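User: I would like to go through this model by question and answer, with the cut-offs stated as they come up.

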Amino acid sequence: MKQRAAQKLISGGPRGSSLEFAGQLRSTSSINSAMANAAIDSTSLHLAPDTWKIFEALTVSKSTSISGSGKESILELQRGFLISMIDVTSDDVVIENLTIKTESETGATGLVGITITGDRVTVRNCVFVGFKNAIIVRSATDFVIEGCRISNQTGGAIDINNGDYGIVRGNIIATNATGNEIDLDASSQYNTVYGNVVKGGAISIATSGGQANKYAANSPAASTV
C-alpha cells in the first residue's frame with residue numbers, strides 16, 4: 001500500500017521523476033522502494049516535515065536529490081542499527097536540508113550518518129547529531145560538503161579517505177571528541193577546505209605525491225601532516 005501511494009505521486013518530466021512524501025510514509029523501506037521503482041534514473045525526493053524512523057540502511061543507488069524542510073525533516077536512527085544510515089553509491093546525488101540523528105533513548109549506536117562512494121555527491125545544509133562519524137568519503141571525486149552543523153559525534157566528523165577534487169566549506173562542528181574533526185588522509189588530493197569552524201578538536205590536511213590540498217580561513221587553522 002505504501003509503495004502504491006508513493007508511485008501515485010510520481011510525475012514524469014524532462015528533469016526526472018518527483019516523489020513528494022506525506023507523513024504516513026515514515027519508513028526507510030518506503031523511500032528505498034520508491035527510488036527503486038521510479039520510472040527513470042533521475043529522481044527527486046522531498047521529505048515532508050516529520051520524523052522518519054530509520055530501521056534499515058537508506059541506499060542511494062540512483063542519481064537522486066533528497067531534500068527536506070531543514071530541522072523539521074528528521075531521519076532518526078533506531079535501536080540496533082550499526083552501520084551507515086545513508087549509503088550513497090550512485091554518482092550525481094544531492095542530500096540537503098535534513099536533520100540526521102540517532103535516538104539515544106532507543107539505544108541506537110550509529111557509526112556513520114552518510115557514507116559516500118559515488119562521484120559528484122553534495123551534502124548541503126544538514127544537521128548531524130550523535131554519530132561516530134557524520135560523513136565519510138571513500139574513493140570518490142568532485143564531492144561537496146557545505147553548510148552542515150555537526151554535534152555530539154565520538155570520532156572525526158568529516159573523514160575523507162582517498163577523496164579527490166572535493167570542497168569542504170562553511171561547516172560548524174561542535175564536538176565532544178578531541179581528534180581531527182575534519183580529516184583528509186594522505187591519499188586524498190586536490191581538495192579545498194575553507195571557512196569551517198571546529199569547537200573542540202582540529203582540522204588535519206594531508207598531502208600526497210606532492211599534490212597539496214588547499215585550505216584557508218578555518219577556525220582553528222588547519223594543520224598539515
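User: How many aromatic pairs are there by the rule for rings?
Analyst: This is a predicted model, in which local features need pLDDT of at least 70, side-chain atom pairs count only at pLDDT 80 or more, and totals for chains, interfaces and linings use all residues. Residues are numbered from 1 along each chain as its sequence is written, and side-chain values use heavy atoms, with hydrogens and water left out. Rings of Phe, Tyr and Trp (its six-membered ring) pair if their centres lie within 6.5 Å; planes under 30 degrees apart count as stacked, over 60 as edge-to-face and the rest as tilted. By this rule the count is 1 aromatic pair.

User: How are the rings of Y165 and Y190 arranged: stacked or edge-to-face?
Analyst: A pair of aromatic rings is described by the distance of the centres and the angle of the planes. For Y165 and Y190 the centres are 4.9 Å apart and the planes are at 10°, so the pair is stacked.

User: How many residues apart in sequence are the parts that this pair ties together?
Analyst: Strands here are DSSP runs of E with at least two residues, numbered from the N terminus. Y165 lies in the loop between β16 and β17 (167–169), while Y190 lies in the loop between β19 and β20 (192–194). The pair therefore ties together parts whose separation in sequence is 25 residues.

User: What is the relative accessible area of Y190?
Analyst: Buried means under 20% relative accessible area, exposed over 50%, and partly exposed in between (1.4 Å probe, protein chains only). Y165 counts as partly exposed at 46%. Y190 is also partly exposed, because its relative accessible area is 36%.

User: Which residue in β19 stands opposite D159?
Analyst: Two strands pair if DSSP finds at least two bridges between them. Strand β16 (residues 158–161) and strand β19 (residues 180–184) run parallel and are joined by 3 bridges. Opposite D159 stands D183.

User: Which strands are the edges of the open sheet of 8 strands?
Analyst: The sheet has parallel pairing and the order β4-β7-β10-β13-β16-β19-β22-β26. An edge strand pairs on one side only, which applies to β4 (58–60) and β26.

User: In β11, which residue is the bridge partner of E96?
Analyst: Strand β8 (residues 93–96) runs parallel to strand β5 (residues 64–67), with 3 bridges between them, and E96 in β8 has S67 opposite. Strand β8 also runs parallel to strand β11 (residues 121–124), with 4 bridges. The partner of E96 in β11 is R124.

User: With which side chain does the side chain of T115 make a polar contact?
Analyst: T115 is in strand β10 (residues 112–116) and counts as buried, because its relative accessibility is 5%. A polar contact is a pair of N or O atoms within 3.5 Å; within protein, one must be able to donate a hydrogen and the other to accept it, and residues adjacent in sequence count only if both atoms are side-chain atoms. At 2.4 Å, the partner of the T115 side chain is that of S84.

User: How far is the sulfur of C148 from the closest cysteine sulfur?
Analyst: A disulfide is a pair of cysteine sulfur atoms within 2.5 Å, and a search of the whole structure finds 0. C126 is buried at 1% relative accessibility, and C148 is buried at 0%. The sulfur closest to that of C148 is in C126, too far for a bond, at 5.1 Å.

User: Which peptide bond is cis, with omega near 0°?
Analyst: Most residues other than glycine have a negative phi, and most peptide bonds are trans. P220 lies in the loop between β25 (214–216) and β26. The cis bond runs from S219 to P220.

User: What is the phi of N152?
Analyst: N152 is in the loop between β15 (149–151) and β16, and counts as partly exposed because its relative accessible area is 41%. Although N152 is not a glycine, its phi is positive, at about 60°.
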